[in-house]
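The following note is written for a reader who is new to protein structures. Please keep the sequence and the model in view while reading the numbered points.

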Amino acid sequence: MKKSFVFLICSVFAVCSSSYAQTKKTGKVGAKPASGVSSPADIAQGKALIAKSDCFACHKPTEKLVGPAYSDIAKKYPATPANVTLLAKKVIKGGSGVWGEIPMAPHPSVTQGDAEKIVKYILATK
């Protein structure tokens, strides 16, 4: 009985200390660990870039408009380096067929680096 109680206390301590460390690191209660793909700075810069772009003409954060919602994109594509690169290229070159008949317009003036920051923000909207 005593061993079970000690094990339970140690388990609770381990979970709580891990959660506390993550909260301290991200500033968010209950935040999931970052996948290593995006830094908070990249995500913030991506959000700022989207705010200055024409993205909101076709996309909304949580609702389908002409194109898919950012949250739906984030659910479909895990935040991996390969997906960030793939989706950044789609932002620049445009795309079609994944989300329906209406193609996404290309954005050739967006740099690869800026497109990756935009994608990192979108993938963080889960």
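1. Which residues in α4 meet which residues in α5? From α4 these are N83, V84, T85, L87, A88, K89, V91 and I92, and from α5 they are Q112, A115, E116, V119, K120 and L123. Contact means heavy atoms within 4.5 Å. By class, eight residues of this contact are nonpolar, three are polar and three are charged. Here Ala, Val, Leu, Ile, Met, Phe, Trp, Tyr, Cys and Pro count as nonpolar, Asp, Glu, Lys and Arg as charged, and the others, Gly among them, as polar.

2. On the basis of the note: this is a predicted model, in which local features need pLDDT of at least 70 and side-chain atom pairs count only at pLDDT 80 or more, while totals for chains, interfaces and linings use all residues. Residues are numbered from 1 along each chain as its sequence is written, and side-chain values use heavy atoms, with hydrogens and water left out.

3. On the overall fold: the chain has five helices and zero strands, in the order α-α-α-α-α along the sequence. Helices (H or I, at least four residues) and strands (E, at least two) are DSSP runs, numbered from the N terminus. Of the 126 residues in the chain, 25% are buried. Buried means under 20% relative accessible area, exposed over 50%, and partly exposed in between, with a 1.4 Å probe and protein chains only. Among contacts with a separation of 6 or more, 50% join residues 24 or more positions apart.

4. On the geometry of α4 and α5: their axes come within 8 Å and cross at roughly 115°. Axes are lines fitted to C-alpha atoms, for helices over the stretch in contact, and angles run from 0 to 180 degrees between N-to-C directions.

5. On α2 and α5: the axes of helix α2 (residues 40-51) and α5 come within 7 Å and cross at roughly 100°. The two helices are therefore roughly perpendicular, a term for angles of 65 to 115 degrees. The contact involves D42, I43, Q45, G46, K47, L49 and I50 of α2, together with D114, K117, I118, K120, Y121 and I122 of α5. Its residues comprise six nonpolar, two polar and five charged.

6. On the core: the largest nonpolar core has 17 residues, of which I50, Y70, I73, L87, V119, I122 and L123 touch the most other members. A nonpolar core is a set of buried Ala, Val, Leu, Ile, Met, Phe, Trp, Tyr and Cys residues joined through side-chain atoms within 4.5 Å. Two or more residues come from each of α3 (70-76), α4 (81-93) and α5 (112-123), and α5 gives the largest share, six residues. Leaving out residues up to four places away in sequence, L123 touches I73, A74, Y77, P78, A79, V84 and L87.

7. Beyond its neighbours within four places in sequence, K120 is in contact with V37, S38, D42, I43 and V84.

8. E101 lies in the loop between α4 and α5 and is exposed, with a relative accessible area of 78%. E101 and G67, 34 residues apart in sequence, are 9.9 Å apart from C-alpha to C-alpha.

Definitions and conventions. Parallel < 35°, antiparallel > 145°, perpendicular 65-115°, else oblique.
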